[in-house]
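Student: I want to learn how to read salt bridges in a model. Can we work through an example?

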Amino acid sequence: MPDVFVNYRTGDEESAATMIARELARRFGGERVFFASDSIKLGQRFPVELVRAVEGCEALLAVVGPRWAEVQGANGRPALEAEQDWTRREIRTALNRGILVIPVLVGKATRIDRAVLPDDLRELADCQYRRFDHRNAESDLTALGDALARLLPELGGVDRDARAARERAEAKSHKKSARDSSRTGVRTRDVEQRVRGGIGNLNGDLSGTFVNEPQGPVNTGRGHQYNAPHFQGDNTGVQFTAGDNSGTVHQRFEREHRRSDEGR
């Protein structure tokens, strides 16, 4: 059975009803939307099919245009006045069965005037409605479909647009994750290259500065460190430090010089 029944009046905004029915069929599946001209197959008895569909639906959309209450029947009177008018019968059946009825006001159609309705349709004037304008067809159709998906869980579960939106979000998330992983890999390679080239900072389990084959003066922390010769000391002696990165030699020269070595 269809979930949504699209009710309309011939001679009043059939084009809007057709657009609504086809968009809902695209979004939720044709088997879930009843639209008389598309859903009743050749040879089927339309009175039986109409009654069966409206009694089994979850929501009825009453498409109401500017001429909805004015279109005349065969007797020259407004078709709405006839009890056997199919548009009237479908809405009446839905109201009597407690089915969700949503008026869709098209174009310049104003809120339904209770005074123009027969007694069995008076309740229609109290139903909250939505608007549809051909100039804003895309956004209005999207809003109508979104509303039905929220109201009818069965439709929400088969909503093709919602599924497509989830797939786009997942693809975007995967793309972002891949991009972040790529950036992390670049940073890791950069650290490795810096360490192999001579100096690098590593955080985590290891902390500090690693020096490998420096080619010039390197300061790794507090205090002074020199690759060039350095003299320090006081009046009692001098300490000389020299090295070539593979080792360090310390020599102490006493103030008392060996005169024999100096040839004196």
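Student: Is R26 buried, partly exposed or exposed, and which side chain does R26 meet in a salt bridge?

Tutor: This is a predicted model. R26 has a relative accessible area of 37%, so R26 is partly exposed. Its salt-bridge partner is D161, at 2.9 Å from N to O. The pair links distant parts of the chain, with D161 in helix α7 (residues 160-197) and R26 in helix α1, 135 residues apart. D161 is also partly exposed, at 27% relative accessibility.

Student: Which residues join R26 in a network of salt bridges?

Tutor: Shared partners connect R26 with E23, R27, D146, D159 and D161.

Student: What lets such side chains pair?

Tutor: Opposite charges can pair when the charged atoms come close. Take D85 and R9: their closest N and O atoms are 2.7 Å apart. D85 sits in the loop between β3 (59-64) and α4 (86-96), and R9 in the loop between β1 (4-7) and α1 (14-28), so the bridge ties together parts 76 residues apart in sequence.

Student: Are D85 and R9 buried or exposed?

Tutor: The cut-off for buried is under 20% relative accessible area. D85 is buried at 12%. R9 is buried at 3%.

Student: Where do R114 and D126 lie?

Tutor: Both lie in the loop between β4 (100-106) and β5 (130-132), twelve residues apart in sequence. R114 is partly exposed at 35%, while D126 is exposed at 51%.

Student: How many salt bridges does the structure hold?

Tutor: It holds 15.

Definitions and conventions. Residues are numbered from 1 along each chain as its sequence is written. This is a predicted model: local features need pLDDT of at least 70, side-chain atom pairs count only at pLDDT 80 or more; totals for chains, interfaces and linings use all residues. Side-chain values use heavy atoms; hydrogens and water are left out. A salt bridge is a side-chain nitrogen of Lys or Arg within 4 Å of a carboxyl oxygen of Asp or Glu. Helices (H or I, at least four residues) and strands (E, at least two) are DSSP runs, numbered from the N terminus. Buried means under 20% relative accessible area, exposed over 50%, partly exposed in between (1.4 Å probe, protein chains only).
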